[in-house]
Amino acid sequence: MTVADEEPALLGLAPVAPDRTVAYGPHPDQLVDLYVPRAGGGAPAPGPLVVLLHGGFWRAAYDRRHLSPLAAELAGQGVPVALAEYRRVGAGGGVPQTFEDVTAGIEAACAALAGASADPSPVLVGHSAGGHLALLAAARPDTPVTRVLAVSPVADLARAHALGLSDGAVGELLGAGPGFPERLAAADPARHPPAGIPVTILHGTDDPDVPLDLSRRYAAQSPATTVLRELPGVGHYAPVTPGSPSCDVLVGLVCRPSST
């Protein structure tokens, strides 16, 4: 599969319906879809509890459904998954709503999947803009997350803004006007190292949407806690497309981190 084929390959997959959906607020986007593995005899699943955050440069035009095949794939490997939606730019999101929803969504996911896993400590997995949100959540001193896997993340927000990624998506997220530099600094994972939890970043060397340099810059800021795994010849979407070799790497890191 070429880099140009990656996006249609992911978006061409049929969405997979969750086992159930729970709301964590009154807005229609404050939802968490739950994918529960079929453990025999009602026993807790052996895999970790995973909270999955989708990307789309924080815009309302992109929702969680394109990651539902990945959520189902992980559940099929014995991992309980919560695929979180959140308010996005153009539909009630931005600062601070998007960030508040990630915090609330993680809490709702943990409550909804309590008892579903033998290891109740949540692993946070985020792709692209969702990777940015995952890295930012990892920096919270009170985060319940025990490790983060960020895939093709917007890991250095200031650099992403300077590059004008996706026609100025960072500016849309944070809003123009007075106080923008402060909002940018507060929301930039590169300015806020993880709060003592391990972070793994997967990033394709040929990613045309989020340059690999952003992940390299983040990893250089937090070498004690961050492992960057570069995927040669891979673009932006293959790592979250079930059936691709780079997605197999992701699944292995989630389900079997010590042996991958």
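Pro-96 is placed in the loop between β4 and α3, where helices (H or I, at least four residues) and strands (E, at least two) are DSSP runs numbered from the N terminus. The peptide bond that joins Val-95 to Pro-96 is cis, with omega about 5°. The structure is a predicted model, in which local features need pLDDT of at least 70 and side-chain atom pairs count only at pLDDT 80 or more, while totals for chains, interfaces and linings use all residues. Residues are numbered from 1 along each chain as its sequence is written, and side-chain values use heavy atoms, with hydrogens and water left out.

Phe-57 has a positive phi, near 50°, and belongs to the loop between β3 and α2. Its relative accessible area of 11% makes Phe-57 buried; buried means under 20% relative accessible area, exposed over 50%, and partly exposed in between (1.4 Å probe, protein chains only). Asp-167 likewise has a positive phi, near 55°, but is found in helix α6. With a relative accessible area of 74%, Asp-167 is exposed.

The largest nonpolar core contains 49 residues, such a core being a set of buried Ala, Val, Leu, Ile, Met, Phe, Trp, Tyr and Cys residues joined through side-chain atoms within 4.5 Å. The members that touch the most others are Val-32, Trp-58, Leu-124, Val-148, Val-154, Leu-157 and Leu-174. Helix α4 (residues 129-138) supplies the largest share of this core, with 7 residues. Apart from this core lies another of 29 residues, including Val-50, Ala-75, Cys-247 and Val-254. In soluble globular proteins, nonpolar side chains tend to be buried together. When residues up to four places away in sequence are not counted, Val-154 touches Phe-57, Trp-58, Ser-128, Ala-129, His-132, Ala-160, Pro-189, Val-210 and Leu-214, contact meaning heavy atoms within 4.5 Å.

Helix α2 (residues 68-76) has Ser-68, Pro-69, Leu-70, Ala-71, Leu-74 and Ala-75 buried. These buried residues pack against the strands β2 (31-35), β3 (45-53) and β4 (81-84), and against helix α9 (245-255). After α2 comes Gly-78, with a positive phi near 95°. The axes of α2 and α9 are 11 Å apart, and the two helices pack at an angle of about 50°; axes are lines fitted to C-alpha atoms, for helices over the stretch in contact, and angles run from 0 to 180 degrees between N-to-C directions. Helix α2 is therefore oblique to α9, on a scale where angles under 35 degrees count as roughly parallel, over 145 as roughly antiparallel, 65 to 115 as roughly perpendicular and the rest as oblique.

In the contact between these helices, Leu-70, Glu-73 and Leu-74 of α2 meet Cys-247, Leu-250, Val-251, Val-254 and Cys-255 of α9. By class, the contact of α2 with α9 comprises 7 nonpolar residues, no polar residues and 1 charged residue; Ala, Val, Leu, Ile, Met, Phe, Trp, Tyr, Cys and Pro count as nonpolar, Asp, Glu, Lys and Arg as charged, and the others, Gly among them, as polar. Helix α9 is largely enclosed by the rest of the structure, because 9 of its 11 residues are buried. The buried residues of α9 are Ser-246, Cys-247, Val-249, Leu-250, Val-251, Gly-252, Leu-253, Val-254 and Cys-255.

In helix α6, the buried residues are Leu-165, Ala-169, Val-170, Gly-171, Leu-173 and Leu-174. They pack against α3, α4, α5 (157-163), α7 and α8 (212-221). Just after α6, Gly-175 adopts a positive phi of about 80°. Helix α6 (residues 165-174) packs with helix α7 (residues 180-187) at an angle of about 100°, and their axes are 9 Å apart. This angle makes α6 roughly perpendicular to α7. Val-170, Gly-171 and Leu-174 in α6 meet Phe-180, Arg-183, Leu-184 and Ala-187 in α7. The contact of α6 with α7 has 5 nonpolar residues, 1 polar residue and 1 charged residue.

Cys-110 lies in helix α3 (residues 97-112). Neighbours within four places in sequence aside, Cys-110 is in contact with Leu-49 and Pro-122. Between Cys-110 and Ala-219, the separation is 109 residues in sequence and 28 Å in space, C-alpha to C-alpha.
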